[in-house]
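Here is a short briefing to read alongside the model. Have the viewer open and follow the points topic by topic.

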Amino acid sequence: MANHVTLATALGGGGISILSLTGLPPDAPEILRTLTAGELRHHWLRDRAGEIVDEVLIGKTGKADEFLLTGHGGSAAALALLQALRAAGYEEKTDGNFFGVWGELLAQCRTPAQVNAVAAACAAGDLAAMPRLRDFLRVRRVVIAGATNSGKSSLFNELAGGDFALVSAEARATRDPLRRETVFGGFACELFDTAGWDGAAASAVDAEAFARGQNELRAADLVIFVAAEDRRADERAAQIIGENSPPTAPLIIAQNKSDLAPPPRLTFFPSAPRVAISCRAATGIEELREIITDCLSTNYTN
Ligand SMILES: Nc1nc2c(ncn2[C@@H]2O[C@H](COP(=O)(O)OP(=O)(O)OP(=O)(O)O)[C@@H](O)[C@H]2O)c(=O)[nH]1
Ligand SMILES: [Mg+2]
């Protein structure tokens, strides 16, 4: 019989790890030779140098040379057990195994849509879907940028669903970038609010706040440019956003404060999708969400 070890729990997904063993290689721990069916014994599992790897329970199933080993959870503990058992002559078996391969992906899921996608691929045994699923599970960085006072923090609060960011009619209210985990159309995202810019850093703190916002922009997967009524400030912000956002990151223009006046025609980023919103009247936000999801989906399937 082939000597196999399979991790039957998600890597890093719980407090214990369960490994299933079949076969008895010559170097297998001695305890396996003496266990009887249905018996469960406490054991200090050691590596070949005699060092303790983990405190485990080992049980024998009703089948010949088939065992279940329960150890501590967490990736490091589970991987140490696997390594010790490989050294004892067990070959690791993962292909097509639900818990070994799919469980690892399931443990990373943050949204119901991700769980459904992994479960569907698992049910179909579709190992070719792995790279696409791994990409789907990647957390997207969505960065809100724009001129000061355009309503970035107001939009951040709308999209993140809470009163997280300070909103003020005073310019330069936001300093440190803010981050909240959120979901757009099944994609797990980190949403960032950044300091606005109005052309001149009055202090070292202004300059540092702005530099930190630019750093987030450079690492963005998607940029939401909030424009409002100050055309000149928006044009300056457009230039800075154009210079700093990654060329691969899609950009959406949210024309805020549409409750005050109809949104003007903008000359910058002519091919970017745009939507009129009002954070104050809570209009256009759902449409913006749909555009965000579209942009993430397009990038995802390409
Ligand atoms: N009329 C109107 N006012 C808004 C709207 N959205 C935000 N405001 C107001 O605009 C001002 C600035 O809003 P913030 O969200 O703090 O703007 P910001 O872009 O984060 O500003 P900084 O952090 O200073 O860069 C506040 O007084 C808000 O209440 C809107 O849709 N309509
Ligand atoms: Mg702000």
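This is a predicted model: local features need pLDDT of at least 70, side-chain atom pairs count only at pLDDT 80 or more; totals for chains, interfaces and linings use all residues.

In secondary structure, the chain comes to nine helices and 12 strands.

**Overall shape**

- The protein chain has a radius of gyration of 27 Å, whereas a compact globule of 302 residues would have one near 19 Å.
- Along the principal axes, the C-alpha atoms fill a box of roughly 80 × 45 × 30 Å.
- Of the 302 residues in the protein chain, 43% are buried.
- Take the contacts between residues at least 6 apart in sequence: 58% of them join residues at least 24 apart.

**The six-stranded sheet**

- Six strands make an open sheet with mixed pairing, and their order is β3-β4-β5-β2-β1-β6.
- At the edges are β3 (40–46) and β6 (91–92), each of which pairs on one side only.
- Strands of a sheet pair through backbone hydrogen bonds, in either a parallel or an antiparallel sense.
- Strand β4 (residues 52–60) pairs with strand β5 (residues 66–72) in the antiparallel sense, over four bridges; here Ile 58 stands opposite Leu 69 in β5.
- Helix α2 (residues 75–87) lies across β1 (4–7), β2 (16–22), β3, β4, β5 and β6, and runs at about 20° to β2.

**A closer look at β1**

- With β2, strand β1 runs antiparallel and is joined by four bridges, and Val 5 stands opposite Leu 21 in β2.
- With β6, strand β1 runs parallel and is joined by two bridges, and the bridge partner of His 4 in β6 is Glu 91.
- In a regular strand, side chains alternate between the two faces of the sheet.
- Strand β1 is covered on both faces, with His 4 and Thr 6 buried on one side and Val 5 and Leu 7 buried on the other.

**The magnesium site**

- Which residues coordinate the magnesium ion (ligand 2)? Ser 153 (through OG) and Thr 174 (through OG1) do, at 2.0 to 2.1 Å.
- This pair links distant parts of the chain, 21 residues apart: Ser 153 is in helix α6 (residues 152–160), and Thr 174 is in the loop between α6 and β8 (178–184).
- Both Ser 153 and Thr 174 are buried.

How values were computed. Residues are numbered from 1 along each chain as its sequence is written. Chains are lettered from A and ligands numbered from 1 in the order in which they are written. Side-chain values use heavy atoms; hydrogens and water are left out. Donors are N, O and S atoms within 2.8 Å of the metal (3.2 Å for Na, K and Ca); water is not among the atoms, so sites may look incomplete. Buried means under 20% relative accessible area, exposed over 50%, partly exposed in between (1.4 Å probe, protein chains only). Two strands pair if DSSP finds at least two bridges between them. Contact means heavy atoms within 4.5 Å. Axes are lines fitted to C-alpha atoms, for helices over the stretch in contact, and angles run from 0 to 180 degrees between N-to-C directions. The radius of gyration is taken over C-alpha atoms; the globule rule is 2.2 Å times the number of residues to the power 0.38.
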